[in-house]
There are 2 protein chains.
Amino acid sequence: MAEVKLLGAWGSPFSCRVEMALKLKGVEYEYIEQDLANKSPLLLKYNPIHKKVPVLLHNGKTIAESLVILEYIDETWKSNPILPEDPYDKAMARFWAKFIDEKCMPAIWQIMWSKENEREKAIEEALQHLKTLENELKDKTFFGGETIGLVDIAANFIGFWLGAAQEATGMELVNKERFPVLCKWIDEYVNCSVVKENLPPRDKLIAFLRARLSASSWKY
Amino acid sequence: MAEVKLLGAWGSPFSCRVEMALKLKGVEYEYIEQDLANKSPLLLKYNPIHKKVPVLLHNGKTIAESLVILEYIDETWKSNPILPEDPYDKAMARFWAKFIDEKCMPAIWQIMWSKENEREKAIEEALQHLKTLENELKDKTFFGGETIGLVDIAANFIGFWLGAAQEATGMELVNKERFPVLCKWIDEYVNCSVVKENLPPRDKLIAFLRARLSASSWKY
């Protein structure tokens, strides 16, 4: 039995974060795909509070919430650090990961799932948060500096899912004219081997998003 | 000039968290009260992204977001640890602090600021989250075990603000019959010297909440 197991879902940027971190650290693990439309007894047992993926199982211990799991992985397996050593740099990484989770991702989701008359406001908000990220990145290759770190992993939604969502909807939020720095980061990011090997198939993701959007209020 | 400064607001459970942590560590600091209805150039300069308190200034560096600040304080000043040493215990502390911020506090706020017809649903949700916390606490004195830790500090809203809100509104969410374990924790908590010395004046807080509630849709 594998020492490390991961309950995940192929299309979830959150469980993808954990896979990236485990691969970055070279940790062997067993991946157990979960059907979020029909939650398994295993998922309900191991994450009774949120009933969501990802859930990491390690030596009989259970951890939920992707950012919490990423910090646990970084503290448990020391090679290829995800967080910086210095307390201030670490605080900054946590600040930006939190910003992505609490501001950027909800704003972008909001565009996709909001009613047509609320969409303009949602777009404006998302653009503002993306601009803040663009300014933070400035002339760095990655948010983590020269190598991928916590913020880059947390930003995988912007690095990959957003492009698929743009293609599924025809909406163009991020492009080279508007966000040259972020676009450069996206290029670098999706071409990193640890990222590339762990992303879901793009076509499958686009088809999945299109199916969900056509069941919602989305108008092309 | 003090090495450590804190931009805070007297009625904010979030800036109170930071004060508790600094006092627990014995760190001298200068407290700079902020008027959140009329945000100062200082606050906008040091927290341009969220424009909120608390903001910690340390040796010319700036940190926002209370949970991020608490971890920074714990890593910078080592005495009286706030987070456990073990990676798994640390992950659990982070999980519960996040649960308080993302589930408990929004649900309780929702009761106070929701329309009357939405209040019942909000109460039900808050009770469910509080039950989860009650089960987590079980037979421990504090969430942190024998001494106050990250989760206890994060839960100051439940330890103190909730009681004031109950008095301000006449609503009884937490009582000894419903939540015996949580009520025992509240008693222990508000009687800890580091907590007691850092809480805002109860009467002032109740008056403040009453004034805000009477300007909203609250019906007694």
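A:Y72, A:W77 and B:Y88 form one aromatic cluster. The model is predicted, so local features need pLDDT of at least 70 and side-chain atom pairs count only at pLDDT 80 or more, while totals for chains, interfaces and linings use all residues; side-chain values use heavy atoms, without hydrogens and water. Residues are numbered from 1 along each chain as its sequence is written, and chains are lettered from A in the order in which they are written.

**Aromatic pairs**

- A pair of aromatic rings is described by the distance of the centres and the angle of the planes.
- Rings of Phe, Tyr and Trp (its six-membered ring) pair if their centres lie within 6.5 Å, and planes under 30 degrees apart count as stacked, over 60 as edge-to-face and the rest as tilted.
- Over all chains, the count by this rule is 20 aromatic pairs.
- A:W185 and A:Y189 are a stacked pair, with 4.6 Å from centre to centre and 20° between the planes.
- These two residues, A:W185 and A:Y189, are 4 residues apart in helix α8 (residues 180-190) of chain A, and therefore about one helical turn separates them; helices are DSSP runs of H or I with at least four residues, strands are runs of E with at least two, and both are numbered from the N terminus.
- A:W185 is buried at 1% relative accessibility, where buried means under 20% relative accessible area (1.4 Å probe, protein chains only).
- A:Y189 is likewise buried, its relative accessible area being 0%.
- B:Y72 and B:W77 form an edge-to-face pair because their planes stand at 90°, with the ring centres 6.4 Å apart.
- B:Y72 has a relative accessible area of 5% and is buried, and B:W77 also counts as buried, at 17%.

**Charges over rings**

- The charged end of A:K204 sits over the ring of A:W10, 4.2 Å from the ring centre; this requires NZ of Lys or CZ of Arg within 6 Å of the ring centre and within 35 degrees of the ring normal.
- In chain B, B:K204 lies over the face of B:W10, at 4.2 Å from the ring centre.

**Helix α3 of chain B**

- In helix α3 (residues 66-76) of chain B, 10 of the 11 residues are buried, so the helix is largely enclosed by the rest of the structure.
- Among the buried residues of α3(B) are B:L67, B:I69 and B:Y72.
- The buried residues of α3(B) pack against elements that include α4 (87-113) of chain A and α1 (13-25) of chain B, where contact means heavy atoms within 4.5 Å.

Conventions: Buried means under 20% relative accessible area, exposed over 50%, partly exposed in between (1.4 Å probe, protein chains only).
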